[in-house]
Amino acid sequence: MSTGLHLDLPFYAQVINLLAAMLLLLSFAMLAQRRILSLINLFMAQGVVLFASTAVVAAATNQHHLYWSALITLVLKVFLLPWILHRLIRRLNVKWDIETLINIPTTMMIGLVLVIFSFNLALPISALAGTITRSTLGIAMAAVMLAFLMMITRSKAVPQVIGFLAMENGLFFAATSATYGMPMVVELGIALDVLVGMVILGVFFFQIREQFDSLDIRHMEKLKDD
Amino acid sequence: MEFLLVLGLPLLGGIALAATGHWKRAAEINSAFSLFTLLAAIALTLRIVEHGPQLLFEEQIFVDPLNVFLVALTAFVGFTTSLFSRPYMRIEHDHGRLSATRLRLYHSMFQLFTFTMLLALTTNNMGILWVAMEAATLTTVLLVSLYRTAASLEAAWKYFILCGVGIAQALFGTILLYFAAEKVLGHDVALLWTHLDAVKGQLEPTVLSLAFVFLLVGYGTKVGLVPLHNWLPDAHAEGPTPVSAVLSGLLLNVALYAVVRCKVLADGALHSNLAGLLMMGFGLLSVVVASFFLSRQKDIKRLFGYSSIEHMGIVTFAFGMGGPVASFAGLLHMTVHSLTKSAIFFAVGHAAQKCGSQLIEQIRGLIKQSPTVGWGLMLGTLAILGMPPFGVFASEFLILTTAMKAQPWATPILLISLGVAFAAIFGKVQPMVFGEPTAKRLPHKPAMLPVFMHLGLVLMLGLWIPPYLAEWYRQAAKLIG
Amino acid sequence: MNTAFSVILQFLELVTALLAAPLLTGWVNQCRAWLGNRTAPPLFQFYRQLAKLFEKEVVLAANASSLFRAAPYFIFACMALASMIVPTLSTEPPFGPAADAIALVGIFALARVFSALAGMDIGTSFGTLGARREMLIGFLAEPALLMVFFTASLISQSTSLSTIVQALGQREFAIYPSLAFAGVAFTMVSLAENARIPVDNPTTHLELTMIHEAMILEYSGRHLALIEWAATLKLYAYSCLGLALFFPWGIPEGTGFANLLVALPALVFKLAVGGFLLALIETVSAKLRIFRAPEFLGTAFMLAVLAMLVHLLLETAK
């Protein structure tokens, strides 16, 4: 068409683009979220988006191993990790609101700048890519940056960890959607690491709370060079 | 076969030690597993020296002179650390600082940590390398918080979060690398280093430069390069001493090894010296910052933690310069630093145990109380400060002379930093060894054999590098380029 | 092009707007009542209210200036103009060339300035408070609204509303993530601009929490009727705008009675659904504290900017 509506991408690529946009939206929602339960639900929603995008890529490119990684994503990020997190916060009794170190609108504005930065960073790379959904690389990078920002601006341990997991989500999205998946053995390894990391963190939360009677990591600023 | 043993023994050991609970002889079993791993590593090394590089398991494993020398070093330091930790941890247990279950955790994780290190070294797959590096963080994070004190928890949390974030950057770099390689190599072998190495000239320079930046930042966090070094002094100070020894002696080396592997690819693809410049910059910054932080330290283990940052900076700088001599010196420095620093930590561990404190001002007059610990610490310190005739002198001398030729601007910075570091460390250690004693005698006999074994090797490397070892370094240096 | 016919059409659009606007508000109120399990007021309640107010005498404060008396007419005129230039029944009204997206934002701003001035004119504390809050909301909502328009303009490469709607209405089926973002942002801005929950509560009687209502506390009689009517027109204009931008199907391109026959039922249907959704949003959300409103609108702004970025990244041809 003449009006600039020139999306001649195949349908599946459009779906992936939509999912990419949703991932970005969810990342921002997490950044803005005040309540820890909603944060976990948003993380779960990210998992659903990742599952959907991986499945779409698998169907579109006919790579069977991607079905497996979609399945792993579904089990790990939609069910297992949110379940562990829910259990953790119930056991630790930390359902209260999240305190942020910077107020939320400012955080959002910083996030916006980060998105622009990562889009710019990804632009030359996307141009070189052979895959049709190459533009999603910028979004994946933005999701990683936003999760990073979330880790920086949160003062409690649990949200920081969710930020950490969200960062991994962004990376995973980069791996599946922009490059159509890493070799299976690598994906398995990454999934295993994430899972073990989560379990170790769970143990860790209890240790921290036992020691400090709180999960506020501002208690943990004693080790300094002076 | 040797290779299977090298990887299988520590894995088996980790599982066995976790499963069998706290045996009375768990420490001995731990040492035995480490010893057999070392023997297998030696056998593997001999085979590689004889037959050249080998690809195993559908090309997933690659052993060449560069990594086999690190495999041998890792197995060796792992073994001596297990020897040291046997009496050390027993005393911690007797003092009530560690329960039996924590000892079991320690032994199991120690073996698993060795496994992840060896896997990271020998894998040919850049993705598995990442997985192993992350697994190394995971196995050590609970070791750092082994004492469950407020400070150790804080250190472990910092370690986990910082390294987790760092390693996530490395994963992004790996994805970018794959992104670039997939077009050239296809889906299946795009992450195998040997294949990447073969086609590195065809990889997209833009993507590769970005990938290298991410990989350097990611693995650099684990190397402890400034400004991502914050976790390192804390983790070294608050974890049990054997853990500090393996962190400094092994983990930093392996992380640096990962950076070097990536640099080889980046150099081939970029046709510019970007990778080298970045490494030199980060290395130099680490040396400078760490040296100036040294004088402010009050905790002896933190002091040597900063010293590790400084030395890693030197090695990174050396690899950044590149060329046969600098790479040779870098490898040599990696070896001697690893040996010396773990020896120092062994001695420091005994000293701290003796005085019941890690604070420098509370440790005094070691030489009168326990001459072996005192001498071990003094000699180790002299070695790490680059005094001749120890091996550190040889490697630092080589690096400095190469820098004078290749990067003259950097030489004064390096020299000043080394001088500052010398003053800071020597000024702090001297009264610890020769001052007026405050503590009672140690109730147990310190396990000084590992210390003097390491220092002996460092001394030997300073005086005379065996010809086959030199040849081996040369080959490895050629690989790095 | 049949000029006479298009003038009629334009006139028809205006009449539809004037008549349908109170109906839309009535419909939303009815849906809200249903959703809240209350007995709903009749659909035409709002007309009766207007009729009653027009009959009543105007009571003016002693110190009211002429500005206070003129403001309702200005506001009403602005809103009527706005609902005229939003493409509802046809994309080619004679006002089409004037129907610029940026001009539309300007018209809304003009109305806002008048209502704020009128609110402060009497000098009561509630009026001033309402005016201040209204300006706060406005200054946060306007950039977001502009960003939404810019996104639509980037896609259709024009700032003329009719061209935008034409372009969006005729595209082949393609998924535009940017439009989804912009749609959410636009909804949020509309909620704030039309004094709906969660930013303001149109039915509140608690002066301290009021925003829009606080400004018009001093109005009575036909002035109040005009202002209330203008408010319904604003809601109507925003609803039509949202529908035209994000669900443009059914707005015919040309003129002609046949087209009109399609356009009118489509519009009614879309407005009914839109009104229900609005009521749903209002029912399920709680009113935000006034200090949270900037955050709400900040989010809307951010979404709109994201929409633009996503469009630039994902939807531009390489």
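How many helices and strands are there in chain A? In this predicted model, local features need pLDDT of at least 70 and side-chain atom pairs count only at pLDDT 80 or more, while totals for chains, interfaces and linings use all residues. Residues are numbered from 1 along each chain as its sequence is written, and chains are lettered from A and ligands numbered from 1 in the order in which they are written.

Chain A has 7 helices and 0 strands, where helices (H or I, at least four residues) and strands (E, at least two) are DSSP runs numbered from the N terminus. Along the sequence the pattern reads α-α-α-α-α-α-α.

The radius of gyration of chain A, 18 Å, agrees with a compact globule, because 226 residues would give a value near 17 Å; the radius is taken over C-alpha atoms, and the globule rule is 2.2 Å times the number of residues to the power 0.38. The C-alpha atoms fill a box of roughly 60 × 35 × 35 Å along the principal axes.

The contact between the chains takes 37 residues from chain A and 37 residues from chain B, two residues being in contact if their C-beta atoms, placed from the backbone, lie within 7 Å. On the chain B side, H6(B) gives the largest share, 17 residues. The elements of chain B that give two or more residues to this side are tabulated here.

| Element of chain B | Residue range |
|---|---|
| helix H5 | residues 126-144 |
| helix H6 | residues 150-185 |
| helix H8 | residues 205-223 |
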